[in-house]
Amino acid sequence: MTADLVKANELHKVDPVFGQISFDGHEQVVFCNDKDTGLKAIIGIHNTVLGPALGGTRMWNYANEWEALNDVLRLSRGMSFKSSISGLNLGGGKAVIIGDAKSQKTPELMRKFGEYVHSLSGKYITAEDVGMETKDMDTVREVTPYVTGISEEKGGSGNPSPITAYGVFMGLKAATKYRFGSDNLEGKKVLVQGIGHVGEVLVQHLTESGALVTIADINEERLNQVGSKYGAKIFTGADLYSAEVDIYAPCALGATINDDTIHKIQAKVIAGAANNQLANEVVHGAMLKEKGILYAPDFLINAGGVINVYSELANLTRAQVMEKTENIYNTSMEIFKFAEQHNITTHQAAMSMAQKRIDDRKNELRK
Ligand code: NAD
(Lines give C-alpha, C1' and ligand atoms only; values in the text may rest on other atoms or scores of the structure.)
Protein backbone atom coordinates (compact mmCIF):
# COMPACT_ATOMS: atom_id res chain seq x y z
CA MET A 1 0.00 0.00 0.00
CA THR A 2 1.44 3.40 -0.93
CA ALA A 3 1.89 6.11 1.66
CA ASP A 4 -0.73 8.22 -0.13
CA LEU A 5 -3.34 5.49 0.08
CA VAL A 6 -2.62 4.89 3.74
CA LYS A 7 -3.07 8.62 4.31
CA ALA A 8 -6.31 8.71 2.32
CA ASN A 9 -7.68 5.73 4.21
CA GLU A 10 -6.81 7.34 7.50
CA LEU A 11 -8.39 10.55 6.37
CA HIS A 12 -11.62 8.85 5.44
CA LYS A 13 -11.51 6.46 8.41
CA VAL A 14 -13.49 3.98 6.35
CA ASP A 15 -12.89 0.85 4.36
CA PRO A 16 -12.02 1.91 0.83
CA VAL A 17 -15.05 0.51 -1.02
CA PHE A 18 -17.70 -1.18 1.16
CA GLY A 19 -17.25 1.48 3.82
CA GLN A 20 -17.80 4.42 1.47
CA ILE A 21 -20.56 6.74 2.53
CA SER A 22 -22.31 6.18 -0.81
CA PHE A 23 -22.05 2.40 -0.64
CA ASP A 24 -25.56 0.99 -0.50
CA GLY A 25 -25.25 -2.76 -0.82
CA HIS A 26 -24.01 -2.49 -4.40
CA GLU A 27 -23.79 -5.90 -6.06
CA GLN A 28 -20.51 -5.32 -7.85
CA VAL A 29 -17.92 -2.62 -8.39
CA VAL A 30 -15.43 -3.10 -11.20
CA PHE A 31 -12.18 -1.16 -11.44
CA CYS A 32 -10.82 -0.98 -14.99
CA ASN A 33 -7.23 -0.03 -15.73
CA ASP A 34 -5.36 -0.10 -19.03
CA LYS A 35 -1.89 1.36 -19.29
CA ASP A 36 -1.73 1.51 -23.08
CA THR A 37 -4.83 3.64 -23.60
CA GLY A 38 -4.66 5.41 -20.22
CA LEU A 39 -8.12 4.10 -19.29
CA LYS A 40 -9.03 4.37 -15.64
CA ALA A 41 -12.69 3.59 -15.12
CA ILE A 42 -15.05 2.29 -12.48
CA ILE A 43 -18.28 0.44 -13.24
CA GLY A 44 -20.84 0.37 -10.44
CA ILE A 45 -23.61 -2.22 -10.47
CA HIS A 46 -26.08 -1.36 -7.76
CA ASN A 47 -28.94 -3.77 -8.29
CA THR A 48 -30.01 -6.23 -10.98
CA VAL A 49 -33.24 -7.57 -9.47
CA LEU A 50 -35.45 -5.94 -12.13
CA GLY A 51 -33.07 -6.58 -15.03
CA PRO A 52 -29.59 -5.73 -16.31
CA ALA A 53 -28.01 -2.69 -14.70
CA LEU A 54 -28.30 0.09 -17.25
CA GLY A 55 -26.78 3.52 -16.85
CA GLY A 56 -24.59 5.98 -18.69
CA THR A 57 -20.85 6.45 -18.64
CA ARG A 58 -19.60 9.77 -17.32
CA MET A 59 -16.15 11.05 -18.24
CA TRP A 60 -14.99 13.66 -15.79
CA ASN A 61 -11.75 15.12 -14.52
CA TYR A 62 -12.27 13.98 -10.94
CA ALA A 63 -10.01 15.56 -8.34
CA ASN A 64 -9.11 12.08 -7.08
CA GLU A 65 -10.22 8.45 -7.22
CA TRP A 66 -12.32 8.75 -4.06
CA GLU A 67 -14.44 11.35 -5.78
CA ALA A 68 -14.86 9.11 -8.83
CA LEU A 69 -15.80 6.11 -6.69
CA ASN A 70 -18.27 8.15 -4.69
CA ASP A 71 -19.86 9.43 -7.89
CA VAL A 72 -20.26 6.01 -9.48
CA LEU A 73 -21.74 4.52 -6.31
CA ARG A 74 -24.22 7.39 -5.93
CA LEU A 75 -25.20 7.51 -9.59
CA SER A 76 -25.65 3.75 -10.02
CA ARG A 77 -27.93 3.63 -6.97
CA GLY A 78 -29.95 6.48 -8.47
CA MET A 79 -30.42 4.47 -11.66
CA SER A 80 -31.97 1.54 -9.76
CA PHE A 81 -34.68 3.83 -8.42
CA LYS A 82 -35.14 5.75 -11.67
CA SER A 83 -35.74 2.60 -13.72
CA SER A 84 -37.89 1.00 -11.05
CA ILE A 85 -40.24 3.94 -10.67
CA SER A 86 -40.51 4.24 -14.44
CA GLY A 87 -41.75 0.65 -14.64
CA LEU A 88 -38.74 -0.51 -16.67
CA ASN A 89 -37.30 -4.00 -16.36
CA LEU A 90 -33.86 -2.64 -15.66
CA GLY A 91 -31.51 -2.55 -12.73
CA GLY A 92 -29.22 0.31 -11.78
CA GLY A 93 -25.66 0.79 -12.96
CA LYS A 94 -23.32 3.53 -14.02
CA ALA A 95 -19.71 3.94 -15.10
CA VAL A 96 -17.19 6.71 -14.69
CA ILE A 97 -14.04 7.25 -16.71
CA ILE A 98 -11.47 9.38 -14.95
CA GLY A 99 -10.07 12.03 -17.27
CA ASP A 100 -10.78 15.05 -19.39
CA ALA A 101 -13.31 14.20 -22.11
CA LYS A 102 -12.06 17.00 -24.35
CA SER A 103 -8.37 16.06 -24.38
CA GLN A 104 -8.13 12.43 -23.20
CA LYS A 105 -10.99 10.65 -24.90
CA THR A 106 -9.80 8.57 -27.86
CA PRO A 107 -11.48 5.81 -29.90
CA GLU A 108 -8.88 3.36 -28.48
CA LEU A 109 -9.82 4.32 -24.92
CA MET A 110 -13.53 3.94 -25.68
CA ARG A 111 -12.98 0.54 -27.31
CA LYS A 112 -10.96 -0.65 -24.31
CA PHE A 113 -13.73 0.57 -22.02
CA GLY A 114 -16.19 -1.36 -24.21
CA GLU A 115 -14.13 -4.53 -23.70
CA TYR A 116 -14.53 -4.17 -19.93
CA VAL A 117 -18.28 -3.69 -20.37
CA HIS A 118 -18.34 -6.79 -22.57
CA SER A 119 -16.51 -8.82 -19.93
CA LEU A 120 -19.58 -8.42 -17.69
CA SER A 121 -21.66 -10.40 -20.21
CA GLY A 122 -24.62 -8.02 -20.19
CA LYS A 123 -24.98 -7.59 -16.45
CA TYR A 124 -24.13 -3.91 -17.07
CA ILE A 125 -25.32 -2.04 -20.17
CA THR A 126 -23.84 1.34 -20.85
CA ALA A 127 -25.14 4.56 -22.46
CA GLU A 128 -24.20 8.25 -22.73
CA ASP A 129 -23.75 10.59 -19.82
CA VAL A 130 -21.76 13.78 -19.21
CA GLY A 131 -18.65 13.90 -21.42
CA MET A 132 -20.01 11.29 -23.84
CA GLU A 133 -21.62 11.61 -27.23
CA THR A 134 -23.61 9.29 -29.46
CA LYS A 135 -20.51 8.66 -31.58
CA ASP A 136 -18.63 7.39 -28.50
CA MET A 137 -21.38 4.84 -27.96
CA ASP A 138 -21.03 3.84 -31.61
CA THR A 139 -17.33 3.20 -30.91
CA VAL A 140 -18.18 1.08 -27.85
CA ARG A 141 -20.67 -0.82 -30.04
CA GLU A 142 -17.74 -2.01 -32.20
CA VAL A 143 -16.63 -4.29 -29.35
CA THR A 144 -19.79 -5.07 -27.40
CA PRO A 145 -23.55 -5.30 -27.92
CA TYR A 146 -24.09 -4.17 -24.31
CA VAL A 147 -24.48 -0.50 -25.16
CA THR A 148 -27.44 1.79 -25.84
CA GLY A 149 -27.78 5.39 -26.97
CA ILE A 150 -26.12 4.63 -30.29
CA SER A 151 -26.89 6.74 -33.35
CA GLU A 152 -30.08 6.32 -35.33
CA GLU A 153 -28.04 5.44 -38.46
CA LYS A 154 -26.63 2.48 -36.52
CA GLY A 155 -30.08 1.38 -35.37
CA GLY A 156 -30.07 3.20 -32.04
CA SER A 157 -32.49 5.65 -30.44
CA GLY A 158 -30.30 8.74 -30.93
CA ASN A 159 -30.27 11.84 -28.76
CA PRO A 160 -32.33 11.26 -25.59
CA SER A 161 -32.56 14.93 -24.53
CA PRO A 162 -35.86 15.86 -26.28
CA ILE A 163 -37.56 12.86 -24.64
CA THR A 164 -36.07 13.78 -21.27
CA ALA A 165 -37.38 17.33 -21.72
CA TYR A 166 -40.84 16.01 -22.58
CA GLY A 167 -40.89 13.89 -19.42
CA VAL A 168 -39.78 16.85 -17.31
CA PHE A 169 -42.56 18.89 -18.89
CA MET A 170 -45.08 16.16 -17.92
CA GLY A 171 -43.80 16.11 -14.32
CA LEU A 172 -43.84 19.91 -14.16
CA LYS A 173 -47.44 20.01 -15.42
CA ALA A 174 -48.53 17.39 -12.88
CA ALA A 175 -46.88 19.37 -10.07
CA THR A 176 -48.57 22.56 -11.31
CA LYS A 177 -51.92 20.78 -11.24
CA TYR A 178 -51.34 19.43 -7.74
CA ARG A 179 -50.06 22.69 -6.29
CA PHE A 180 -52.19 25.27 -8.13
CA GLY A 181 -55.31 23.21 -8.95
CA SER A 182 -54.88 23.30 -12.75
CA ASP A 183 -52.14 22.29 -15.13
CA ASN A 184 -52.80 25.24 -17.39
CA LEU A 185 -49.43 27.00 -17.66
CA GLU A 186 -50.79 30.13 -19.32
CA GLY A 187 -49.29 33.11 -17.48
CA LYS A 188 -47.32 30.97 -15.00
CA LYS A 189 -43.86 32.37 -14.32
CA VAL A 190 -41.21 29.69 -14.82
CA LEU A 191 -37.47 30.01 -14.28
CA VAL A 192 -35.38 27.53 -16.28
CA GLN A 193 -31.82 27.30 -14.96
CA GLY A 194 -29.56 25.78 -17.62
CA ILE A 195 -30.70 25.86 -21.22
CA GLY A 196 -28.57 23.07 -22.64
CA HIS A 197 -29.83 20.02 -24.51
CA VAL A 198 -32.75 19.42 -22.15
CA GLY A 199 -33.38 22.97 -20.91
CA GLU A 200 -33.87 24.40 -24.38
CA VAL A 201 -36.55 21.86 -25.35
CA LEU A 202 -38.27 22.42 -22.02
CA VAL A 203 -38.32 26.16 -22.76
CA GLN A 204 -39.95 25.35 -26.09
CA HIS A 205 -42.74 23.28 -24.45
CA LEU A 206 -43.28 25.93 -21.80
CA THR A 207 -43.49 28.90 -24.16
CA GLU A 208 -45.81 26.94 -26.47
CA SER A 209 -48.07 26.44 -23.43
CA GLY A 210 -48.21 30.16 -22.70
CA ALA A 211 -45.89 30.17 -19.67
CA LEU A 212 -43.83 33.30 -19.00
CA VAL A 213 -40.33 31.86 -19.13
CA THR A 214 -37.16 33.36 -17.68
CA ILE A 215 -33.88 31.66 -18.53
CA ALA A 216 -30.52 31.57 -16.79
CA ASP A 217 -27.23 30.06 -17.95
CA ILE A 218 -23.53 30.72 -17.63
CA ASN A 219 -23.25 30.61 -21.43
CA GLU A 220 -24.23 34.05 -22.68
CA GLU A 221 -24.27 33.09 -26.32
CA ARG A 222 -26.85 30.39 -25.65
CA LEU A 223 -28.89 32.76 -23.51
CA ASN A 224 -29.18 35.19 -26.42
CA GLN A 225 -29.92 32.42 -28.94
CA VAL A 226 -32.57 30.64 -26.86
CA GLY A 227 -33.99 33.92 -25.55
CA SER A 228 -34.69 35.28 -28.99
CA LYS A 229 -35.78 31.93 -30.49
CA TYR A 230 -38.58 31.38 -27.95
CA GLY A 231 -39.20 34.90 -26.67
CA ALA A 232 -37.94 33.99 -23.19
CA LYS A 233 -36.72 36.64 -20.77
CA ILE A 234 -33.06 36.47 -19.74
CA PHE A 235 -32.50 36.59 -15.98
CA THR A 236 -30.58 39.71 -15.02
CA GLY A 237 -31.11 40.01 -11.25
CA ALA A 238 -28.47 39.62 -8.58
CA ASP A 239 -29.73 36.37 -7.09
CA LEU A 240 -31.36 33.69 -9.19
CA TYR A 241 -32.87 31.81 -6.26
CA SER A 242 -34.80 34.85 -5.00
CA ALA A 243 -36.51 35.32 -8.36
CA GLU A 244 -40.26 35.94 -8.05
CA VAL A 245 -41.51 32.94 -10.02
CA ASP A 246 -44.18 30.27 -9.63
CA ILE A 247 -42.03 27.37 -10.84
CA TYR A 248 -38.30 26.76 -10.66
CA ALA A 249 -36.87 24.24 -13.16
CA PRO A 250 -33.25 23.29 -12.36
CA CYS A 251 -31.78 21.97 -15.61
CA ALA A 252 -28.06 22.59 -15.08
CA LEU A 253 -26.28 21.16 -12.07
CA GLY A 254 -27.22 19.06 -9.08
CA ALA A 255 -27.43 20.21 -5.43
CA THR A 256 -28.87 23.65 -6.20
CA ILE A 257 -31.40 23.12 -3.40
CA ASN A 258 -29.17 23.50 -0.38
CA ASP A 259 -28.71 25.36 2.92
CA ASP A 260 -27.75 28.57 1.13
CA THR A 261 -30.56 28.67 -1.43
CA ILE A 262 -33.58 27.04 0.16
CA HIS A 263 -34.71 29.97 2.30
CA LYS A 264 -34.62 32.30 -0.72
CA ILE A 265 -36.74 30.20 -3.09
CA GLN A 266 -40.02 31.94 -3.93
CA ALA A 267 -41.34 29.30 -6.32
CA LYS A 268 -44.14 27.01 -5.15
CA VAL A 269 -43.15 24.19 -7.50
CA ILE A 270 -39.71 22.77 -8.27
CA ALA A 271 -39.55 20.52 -11.32
CA GLY A 272 -36.48 20.17 -13.49
CA ALA A 273 -34.10 17.82 -15.29
CA ALA A 274 -30.93 18.06 -13.20
CA ASN A 275 -29.93 14.92 -11.31
CA ASN A 276 -29.62 15.05 -7.50
CA GLN A 277 -31.18 18.48 -7.06
CA LEU A 278 -31.44 18.15 -3.28
CA ALA A 279 -28.01 18.60 -1.69
CA ASN A 280 -29.30 16.43 1.15
CA GLU A 281 -32.30 14.28 0.21
CA VAL A 282 -33.60 14.00 3.77
CA VAL A 283 -32.91 17.48 5.16
CA HIS A 284 -33.74 19.56 2.11
CA GLY A 285 -36.69 17.39 1.08
CA ALA A 286 -38.20 18.04 4.52
CA MET A 287 -37.44 21.76 4.37
CA LEU A 288 -39.23 22.11 1.02
CA LYS A 289 -42.25 20.27 2.44
CA GLU A 290 -42.31 22.61 5.42
CA LYS A 291 -42.17 25.66 3.15
CA GLY A 292 -45.10 24.33 1.10
CA ILE A 293 -42.96 23.96 -2.02
CA LEU A 294 -43.98 20.96 -4.12
CA TYR A 295 -40.88 19.16 -5.33
CA ALA A 296 -41.24 16.79 -8.29
CA PRO A 297 -38.56 14.14 -7.63
CA ASP A 298 -35.79 14.54 -10.20
CA PHE A 299 -35.19 10.84 -10.80
CA LEU A 300 -38.86 10.35 -11.62
CA ILE A 301 -39.41 13.24 -14.00
CA ASN A 302 -36.07 13.11 -15.84
CA ALA A 303 -36.50 9.41 -16.72
CA GLY A 304 -37.39 10.12 -20.38
CA GLY A 305 -33.76 9.54 -21.37
CA VAL A 306 -33.58 6.07 -19.85
CA ILE A 307 -37.00 5.20 -21.27
CA ASN A 308 -35.64 6.20 -24.67
CA VAL A 309 -32.54 3.98 -24.46
CA TYR A 310 -34.63 1.15 -23.00
CA SER A 311 -36.52 1.15 -26.30
CA GLU A 312 -33.36 -0.24 -27.95
CA LEU A 313 -33.43 -3.28 -25.65
CA ALA A 314 -37.18 -3.84 -25.49
CA ASN A 315 -37.85 -2.96 -29.16
CA LEU A 316 -40.31 -0.22 -28.26
CA THR A 317 -41.70 1.98 -31.01
CA ARG A 318 -41.39 5.77 -30.80
CA ALA A 319 -45.10 5.92 -29.92
CA GLN A 320 -44.58 3.50 -27.00
CA VAL A 321 -41.62 5.56 -25.77
CA MET A 322 -43.73 8.72 -25.85
CA GLU A 323 -46.60 6.96 -24.07
CA LYS A 324 -44.32 5.72 -21.28
CA THR A 325 -42.77 9.20 -20.99
CA GLU A 326 -46.18 10.84 -20.91
CA ASN A 327 -47.10 8.52 -18.04
CA ILE A 328 -44.64 10.49 -15.87
CA TYR A 329 -47.61 12.83 -15.39
CA ASN A 330 -49.73 10.08 -13.78
CA THR A 331 -46.90 8.63 -11.71
CA SER A 332 -46.07 12.12 -10.41
CA MET A 333 -49.69 12.63 -9.35
CA GLU A 334 -49.65 9.26 -7.56
CA ILE A 335 -46.47 10.22 -5.71
CA PHE A 336 -47.80 13.63 -4.66
CA LYS A 337 -50.96 12.00 -3.27
CA PHE A 338 -49.02 9.23 -1.53
CA ALA A 339 -46.67 11.77 0.07
CA GLU A 340 -49.59 13.86 1.33
CA GLN A 341 -51.51 10.83 2.66
CA HIS A 342 -48.47 9.52 4.55
CA ASN A 343 -47.16 12.93 5.57
CA ILE A 344 -43.76 12.27 4.01
CA THR A 345 -41.71 14.17 1.44
CA THR A 346 -42.29 13.60 -2.25
CA HIS A 347 -38.72 12.32 -2.51
CA GLN A 348 -39.38 9.73 0.20
CA ALA A 349 -42.64 8.75 -1.49
CA ALA A 350 -40.91 8.19 -4.81
CA MET A 351 -38.09 6.23 -3.19
CA SER A 352 -40.44 3.96 -1.28
CA MET A 353 -42.52 3.24 -4.39
CA ALA A 354 -39.38 2.43 -6.37
CA GLN A 355 -38.00 0.23 -3.58
CA LYS A 356 -41.32 -1.61 -3.29
CA ARG A 357 -41.22 -2.68 -6.93
CA ILE A 358 -37.68 -4.04 -6.43
CA ASP A 359 -38.67 -5.85 -3.22
CA ASP A 360 -41.81 -7.35 -4.78
CA ARG A 361 -39.80 -8.70 -7.69
CA LYS A 362 -37.17 -10.10 -5.34
CA ASN A 363 -39.87 -11.93 -3.38
CA GLU A 364 -41.37 -13.29 -6.60
CA LEU A 365 -37.97 -14.62 -7.68
CA ARG A 366 -37.53 -16.34 -4.31
CA LYS A 367 -40.78 -18.33 -4.73
P1 NAD B 1 -26.10 20.25 -21.03
O2 NAD B 1 -24.67 20.15 -20.67
O3 NAD B 1 -26.49 20.19 -22.47
O4 NAD B 1 -26.70 21.62 -20.47
C5 NAD B 1 -26.42 22.14 -19.22
C6 NAD B 1 -26.54 23.66 -19.31
O7 NAD B 1 -26.37 24.20 -18.00
C8 NAD B 1 -25.46 24.30 -20.20
O9 NAD B 1 -26.05 25.21 -21.10
C10 NAD B 1 -24.54 25.00 -19.19
O11 NAD B 1 -23.94 26.18 -19.71
C12 NAD B 1 -25.53 25.33 -18.09
N13 NAD B 1 -24.91 25.56 -16.78
C14 NAD B 1 -23.84 24.94 -16.22
N15 NAD B 1 -23.58 25.47 -15.02
C16 NAD B 1 -24.52 26.41 -14.79
C17 NAD B 1 -24.79 27.29 -13.72
N18 NAD B 1 -24.04 27.31 -12.62
N19 NAD B 1 -25.84 28.13 -13.83
C20 NAD B 1 -26.61 28.14 -14.93
N21 NAD B 1 -26.40 27.33 -15.99
C22 NAD B 1 -25.37 26.48 -15.92
O23 NAD B 1 -26.85 19.14 -20.19
P24 NAD B 1 -28.27 18.50 -20.48
O25 NAD B 1 -28.09 17.26 -21.26
O26 NAD B 1 -29.21 19.55 -20.94
O27 NAD B 1 -28.68 18.03 -19.00
C28 NAD B 1 -29.11 18.98 -18.03
C29 NAD B 1 -29.26 18.30 -16.68
O30 NAD B 1 -30.21 17.24 -16.79
C31 NAD B 1 -27.97 17.63 -16.17
O32 NAD B 1 -27.94 17.75 -14.77
C33 NAD B 1 -28.14 16.17 -16.56
O34 NAD B 1 -27.42 15.31 -15.69
C35 NAD B 1 -29.64 16.00 -16.39
N36 NAD B 1 -30.21 14.94 -17.22
C37 NAD B 1 -30.08 14.96 -18.56
C38 NAD B 1 -30.63 13.94 -19.35
C39 NAD B 1 -30.53 13.97 -20.85
O40 NAD B 1 -31.24 13.19 -21.51
N41 NAD B 1 -29.69 14.81 -21.43
C42 NAD B 1 -31.34 12.89 -18.72
C43 NAD B 1 -31.48 12.90 -17.33
C44 NAD B 1 -30.90 13.92 -16.58
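**Exercise 1. Classify the packing of helices α12 and α13 in this predicted model.**

Solution. 
Step 1: Helix α12 covers residues 318–326.
Step 2: Take the geometry. The axes of α12 and α13 are 4 Å apart, and the packing angle is about 20°.
Step 3: Apply the cut-off. Angles under 35 degrees count as roughly parallel. Therefore α12 and α13 are roughly parallel to each other.
Step 4: Find the residues in contact. Helix α12 supplies K324, T325 and E326, while α13 supplies I328, Y329 and N330.
Step 5: Sort them by class. The contact of α12 with α13 has two nonpolar, two polar and two charged residues.

**Exercise 2. Describe the aromatic pair of Y178 and F336, and say which parts of the chain it ties together.**

Solution. 
Step 1: Recall what to report. A pair of aromatic rings is described by the distance of the centres and the angle of the planes.
Step 2: Count the pairs. The structure has three aromatic pairs.
Step 3: Give the values for this one. Y178 and F336 are 5.5 Å apart, centre to centre, with 50° between the planes. The pair is tilted.
Step 4: Place the residues. Y178 belongs to helix α6 (residues 161–180) and F336 to helix α13 (residues 328–342), so the pair ties together parts 158 residues apart in sequence.
Step 5: Check accessibility. Y178 has 27% relative accessibility and counts as partly exposed. F336 has a relative accessible area of 2%, so F336 is buried.

**Exercise 3. Classify the pair of Y241 and Y248.**

Solution. 
Step 1: Take the values. The ring centres of Y241 and Y248 are 6.1 Å apart, and the planes stand at 85°.
Step 2: Apply the cut-off. Planes over 60 degrees apart count as edge-to-face. So the pair of Y241 and Y248 is edge-to-face.
Step 3: Check burial. Y241 and Y248 are both buried.

**Exercise 4. Which residue lies over the face of F180?**

Solution. 
K188 does, at 4.7 Å from the ring centre of F180.

How values were computed. Residues are numbered from 1 along each chain as its sequence is written. This is a predicted model: local features need pLDDT of at least 70, side-chain atom pairs count only at pLDDT 80 or more; totals for chains, interfaces and linings use all residues. Side-chain values use heavy atoms; hydrogens and water are left out. Rings of Phe, Tyr and Trp (its six-membered ring) pair if their centres lie within 6.5 Å; planes under 30 degrees apart count as stacked, over 60 as edge-to-face and the rest as tilted. Helices (H or I, at least four residues) and strands (E, at least two) are DSSP runs, numbered from the N terminus. Buried means under 20% relative accessible area, exposed over 50%, partly exposed in between (1.4 Å probe, protein chains only). A charge sits over a ring if NZ of Lys or CZ of Arg is within 6 Å of the ring centre and within 35 degrees of the ring normal. Axes are lines fitted to C-alpha atoms, for helices over the stretch in contact, and angles run from 0 to 180 degrees between N-to-C directions. Angles under 35 degrees count as roughly parallel, over 145 as roughly antiparallel, 65 to 115 as roughly perpendicular and the rest as oblique. Contact means heavy atoms within 4.5 Å. Ala, Val, Leu, Ile, Met, Phe, Trp, Tyr, Cys and Pro count as nonpolar, Asp, Glu, Lys and Arg as charged, and the others, Gly among them, as polar.
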